[in-house]
Amino acid sequence: MTVRGAAVRATVVRGTAVRGTAVPGAPLRRASVRGVRGLLVVGALGALGALVAGCGIRATEVPTDFGPAPSRVRCTPTEPEAPTQAGQGLPVQVFLLCGSSLVAVDRTVKVPDGAADARRLLVAQGLLDEVSQEPSDAEREAGYTTRVRRGTTVSGPRPGDPEDTLRLSTAPGSLSSSGLAQVVCTFSDSAATEGDGSVILGGPDDSRPRRYKCTDEVRARPGEKEPPSTEATGG
């Protein structure tokens with residue numbers, strides 16, 4: 001209704017302009033025609049603006065981004081952690097969640113000298129303790145979190161398991177995708193595994209252990225990409 005009314009008013013204006021500038025028996029002057037066209041454009045734009053305003057749409061002079069808001073997570077502690085002193089333990093890395101990705105952070109694990117098998121289990125337990133521990137104040141402020149349950153323990157292989165099997169007190173399949181990714185990526189390429197980028201994990205039951213891999217996709221999207229796995233063979 002508003003646009004149609006504007007068109008009617010524009011017609012009246014044009015008629016007035018023609019009658020005011022025309023001479024009987026003579027052609028219209030070009031200036032008058034241009035003036036009429038200008039009035040028509042202004043009238044149409046005014047009507048369109050009124051129609052848009054009536055619909056509740058507000059004009060903007062800057063581009064509008066309708067995509068997801070950018071992440072504000074820094075993934076860098078605001079304060080440096082205390083430097084690791086020589087002799088305090090074995091330097092290791094554990095994977096924590098920051099934003100939607102896994103990020104490696106430095107830790108130390110105290111491992112006494114002993115047999116290789118016992119040492120491997122001690123390293124694995126130390127890694128579990130570190131990755132399940134709540135991040136420091138500086139790390140929490142930077143956006144770090146963990147999805148690994150506190151108190152999770154690890155034991156060695158059972159009869160029939162591959163010799164590098166690590167059995168968790170919680171079945172790997174019951175862990176969240178992010179928590180499992182943290183454990184797998186923390187164990188892989190550590191002194192707790194055979195060093196080929198994979199880890200053989202089992203649970204407290206008699207189910208066969210599985211070989212898990214930490215991939216780039218898992219590190220980038222641990223909440224969406226569960227570590228790929230295959231049934232472990234050998235024993």
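These legends accompany close-up views of a predicted model.

**Figure 1. Overview of the chain and its elements.** The predicted chain contains six helices and eight strands. Read from the N terminus, its elements follow the order α-α-β-β-α-α-β-β-β-α-β-β-α-β. Of its 235 residues, 32% count as buried. Among contacts with a separation of 6 or more, 58% are between residues 24 or more positions apart.

**Figure 2. The open sheet S2-S1-S3.** Three strands make up this open sheet, in the order S2-S1-S3, with antiparallel pairing. S2 and strand S3 (144-145) are the edge strands, each with a single partner strand, so one side of each has no neighbour in the sheet. S1 and S2 run antiparallel and are joined by nine bridges. Within this pair, Leu97 is placed opposite Leu102 of S2. In a regular strand, side chains alternate between the two faces of the sheet.

**Figure 3. Strands S6, S7 and S8.** Strand S6 (residues 198-202) and strand S7 (residues 210-213) run antiparallel, with four bridges between them. Val199 has Tyr212 in S7 as its bridge partner. S7 is also joined to strand S8 (residues 229-231), again antiparallel, by three bridges. Here the bridge partner of Arg211 is Thr230 in S8.

**Figure 4. The largest nonpolar core.** This core has 34 residues, and those touching the most other members are Leu166, Leu168, Phe187 and Leu201. Two or more of its residues come from each of S1, strand S2 (101-109), H3, strand S5 (166-168), H5 and S6. In soluble globular proteins, nonpolar side chains tend to be buried together.

**Figure 5. Surroundings of Phe187.** Which residues are in contact with Phe187, leaving aside its neighbours within four places in sequence? The contacts are Ala124, Leu127, Leu128, Leu166, Leu168, Ala192, Thr193, Val199 and Leu201. Leu166, Leu168 and Leu201 are, with Phe187, the core members that touch the most others. Val199, another contact of Phe187, is the residue whose bridge partner in S7 is Tyr212.

**Figure 6. The second largest pocket.** The space in this pocket amounts to about 210 Å³. Its lining consists of 16 residues, of which Cys185, Thr186, Ser188, Asp189 and Ser190 are the closest to its centre. Strand S1 (90-98), helix H3 (116-132) and helix H5 (177-187) each contribute at least two lining residues. The largest contribution is that of S1, with five residues. By type, the lining comprises nine nonpolar, five polar and two charged residues. Rolling a probe the size of a water molecule over the atoms shows where empty space is left.

**Figure 7. Thr170 in the loop between S5 and H5.** Thr170 is located in the loop that lies between S5 and H5. Is Thr170 buried or exposed? Its relative accessibility is 14%, so Thr170 counts as buried, the limit being under 20%. Residues up to four places away in sequence not counted, Thr170 touches Arg149, Leu175, Gly203 and Pro204. Gly151 lies 19 residues from Thr170 in sequence, and the C-alpha to C-alpha separation of the two is 9.9 Å.

Key:
Residues numbered from 1 in each chain as written. Predicted model: local features only at pLDDT ≥ 70, side-chain atom pairs only at ≥ 80, totals over all residues. Heavy atoms only, no water. Pairing = 2+ DSSP bridges. 1 Å grid on protein atoms, 1.4 Å probe; cavity = no way out; pocket = protein on both sides within 12 Å on 5 of 7 lines; lining within 4 Å. Points joined across faces, edges and corners; volume = space filled by probe spheres on them. Nonpolar A, V, L, I, M, F, W, Y, C, P; charged D, E, K, R; others polar. Core = buried A, V, L, I, M, F, W, Y, C linked by side-chain atoms within 4.5 Å. Buried < 20%, exposed > 50% of the residue type's maximum accessible area, 1.4 Å probe, protein only. Contact = heavy atoms within 4.5 Å.
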